[in-house]
Amino acid sequence: MSTGITIDSVTKEFRIHDQQAKSLKERFISMGRSSYTEFLALDDVSFEVPSGTTVGLLGHNGSGKSTLLKCVAGTLRPNKGSIRYEGRLAALLELGAGFHPDLTGRENIYLNGSIMGMSSRQIDRIFDDVVAFAELSAFIDQQVKYYSSGMYARLGFAMAVNVDPEILLIDEVLAVGDEAFSRKCLDRIDQFQKAGTTILFVSHSVELARELCDQIAVLDAGKMIAFGDPNDAVRSYRASLHERGLTAAGDSGEIAATGEVKLVKSWVEMPVEARDWVRPDEQLRIHAVYESAMKIDDILFAIALHDQRGTLIHSSNSSVMGTEIHEIDGRVHVTYLLTHIPLLFGTYDVSLGAHTQNGGYLYSQEDAVLRFNVGDSAKADGIIEMPFTVTVEPVDSRVGSD
Amino acid sequence: MNDSQDDSHRQVPRPVARRSVANAEAPSLLQRLGAVWTYRELLGNLTRKELKVKYKNSILGFMWSLLNPLLYLIVFSIVFQQILRAQIPTYAIFLLSGLLVWNLFSTGLASATGSIVGNASLVQKVWFPREVLPLSSIGAALVHFFLQTLVLASAMLVLRHAPSPTGLLLIVPALICLLLILSGLGVFLSALNVKLRDIQHLLELVLLAWFWFTPIVYEYLPIQERLGSSSWIAFINPVLPIVMAFQRALYNPPSGIVLPDESLLWYFRNLGVSAVAGVVLVIVGFMMFGRMEADLAEEI
């Protein structure tokens, strides 16, 4: 059993030479005044990846997350601090790193396996699994230089996951390959998680990180600004991006919620209490209680309904509906009354939000926080319940032909 | 077998169990040597890779490594025997017995020096004991050496030239001494070359001078006559005893010509000096490597 990874006040400093003096002559000329600037890629970062859990690393470009992963993998050595772990570690820093283009797939599996510290007998035993997972049995005796980049990446991933690591480092490699293969990779990671593998996962995708990770560490310019619960960490990450005028990938361009106004509780009030679904002609009330930490005068409350395919059915807010809010301070109870629900049979998600009048500043955003079911609707296909009647009459052909 | 025993309760084979601490401090010399030993199979595979890749897509393949000493043999035989009229009987055997071991040294050192720069992508992305890279270059040179010995062996058969039966005892210790010197220097220079790319070009020149200062195409005796009582100066060159051991064993001249008329013990004693130099170079080389290793992935 592995012991997880302990990252203890790790600092990594890069020297950026203004111009790399690589030759003796250049060194001689610039003797005594070697000009470089120091760049702190990691500044006293400490956290722990508990055994058997998955920790995600979020951060914008240049925040130091890849540097940290390389330090854990051992390709870089920190200037200060230490990284401790016990167990077999496999790093997916770059798929197919260490493959030699002139060697065949088979030769590369053996070479790569021994780079990971395996004996040839051990590689013999996983060889068939690797080839099967990579779906490359027909090409395994061809030189790797004739592989497509997808085949290359598949072989790299297959190699890394079949060594059965106790500790797995993953750096955004899942983006490679087609949809089906990347699904397969995610399934494999899921298996690892169930089997108790300790995983440190670097990603740009907030959604993927939130889906996969038990905890998330957020790096900003080499400093760790948050560590812990994925939702809290993602909020800090968005806030740090917001400061830089950026948005997170996978966030579809929305702005970071600041949390000055919090959704305390929310519920759906059914027209008939004993029934967990609503008829299209009935009324539905959606209640939300918000709490603000201070007096806020520029605010409106928004609501959005989505169906299960993610299609936006309806989106509106208090301002559009003509409800003026002068200011809030402390708790407020917001009630949305839907006088009828012209929707067909199905389940619908409710998202609630609060932001400034111009939408530029987001106080709170809770996606799919509630859901309700619509039943007893017309037997029709589509999204909306549209009341209509049909009449069928015979056409008098003699009138028409006259 | 060891690593599969403790794994027996699991179905899937796993890489060598690793306990690791990535500290700011460099691992000690013993830790580094231990890591190289753990990764010995990688050493073999990288050596094989180097050999495979070198002659991939070439028609003659391994024949090229045999053509090199053959060409030397022809050129030097013409120059030294026909033009300069050197007084060395069966010059071909004399030349090859020293030249092959020198080739091992020079090609091994040159390729080891370029090995880390040449495998930049690997060094930046995967962790393994980096010393394995220069060592595998030396491994590949060693394989070429054994192939080239076939040329020498067949030449000895054709010319009916017998090696010295007792002198052959020198071969294995001499080879070990050479590999020690080669490993120490090669490991050190491979890391230095990352910081200072001049090293590989400078090395070419140094090796050229070193070659001509070592009695390979000419014999040792004139050096000894010239230096007289201070002939120890020649032995500053740690490769000299090794080359002479090979000449003594394989060329096996009649006493008094070409090689000094000394007992086998004299050769062993000289090899002892080389061995000490080799061990010192390995210790210093690996230690210096350790100091430079931290920055390798960044500076490359």
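1. Burial in chain B. Buried residues make up 51% of the 300 residues in chain B. Buried means under 20% relative accessible area, exposed over 50%, and partly exposed in between, with a 1.4 Å probe and protein chains only. This is a predicted model: local features need pLDDT of at least 70, side-chain atom pairs count only at pLDDT 80 or more, and totals for chains, interfaces and linings use all residues. Side-chain values use heavy atoms, with hydrogens and water left out; residues are numbered from 1 along each chain as its sequence is written, and chains are lettered from A and ligands numbered from 1 in the order in which they are written.

2. Fold of chain B. Chain B holds 13 helices and one strand. Its order along the sequence is α-β-α-α-α-α-α-α-α-α-α-α-α-α. Elements are DSSP runs, numbered from the N terminus: helices are H or I with at least four residues, strands are E with at least two.

3. Dimensions of chain B. The C-alpha trace spans about 65 × 45 × 40 Å along its principal axes.

4. Contacts in chain B. Of the contacts with a separation of 6 or more, 80% join residues 24 or more positions apart. A contact means heavy atoms within 4.5 Å.

5. Surface and charge of chain B. The chain exposes about 14300 Å², and carbon and sulfur atoms supply 67% of it. Areas come from the Shrake-Rupley method with a 1.4 Å probe; for residues, only the protein chains shown count as cover. Chain B has 21 positive and 17 negative side chains, and the centres of the two sets lie 6 Å apart. Lys and Arg count as positive, Asp and Glu as negative; His and the chain ends are not counted. Each charge is placed at NZ of Lys, CZ of Arg, CG of Asp or CD of Glu.

6. Confidence in chain B. Mean pLDDT is 85, and 91% of the residues reach 70 or more. pLDDT is the predictor's confidence in each residue, from 0 to 100.

7. Chain A has a mean pLDDT of 81, with 86% of its residues at 70 or more. Helix α9 (residues 397-401) of chain A is lowest, at a mean of 56, and strand β3 (residues 54-58) highest, at 92. Residues 249-255 of chain A stay under 50, with 15 contacts beyond four places in sequence. The predictor gives the complex an ipTM of 0.75 and a pTM of 0.70.

8. Helix α3 of chain A. Eight of the eleven residues of α3(A) (residues 105-115) are buried, so the helix is largely enclosed by the rest of the structure. Among them are Asn108(A), Ile109(A), Leu111(A) and Ile115(A). Their cover includes α4 (120-134) and α5 (149-162) of chain A, together with α3 (40-54) and α6 (120-125) of chain B. Just after α3(A), Gly117(A) takes a positive phi of about 90 degrees.

9. Backbone points to check. Asp44(A) is not a glycine, yet has a positive phi of about 55 degrees. Asp44(A) sits in strand β2 (residues 36-49) of chain A and is partly exposed, at 48% relative accessible area. Ala221(A), also not a glycine, has a positive phi of about 50 degrees. Ala221(A) lies in the loop between β8 (215-220) and β9 (223-228) of chain A and is partly exposed, at 45%.
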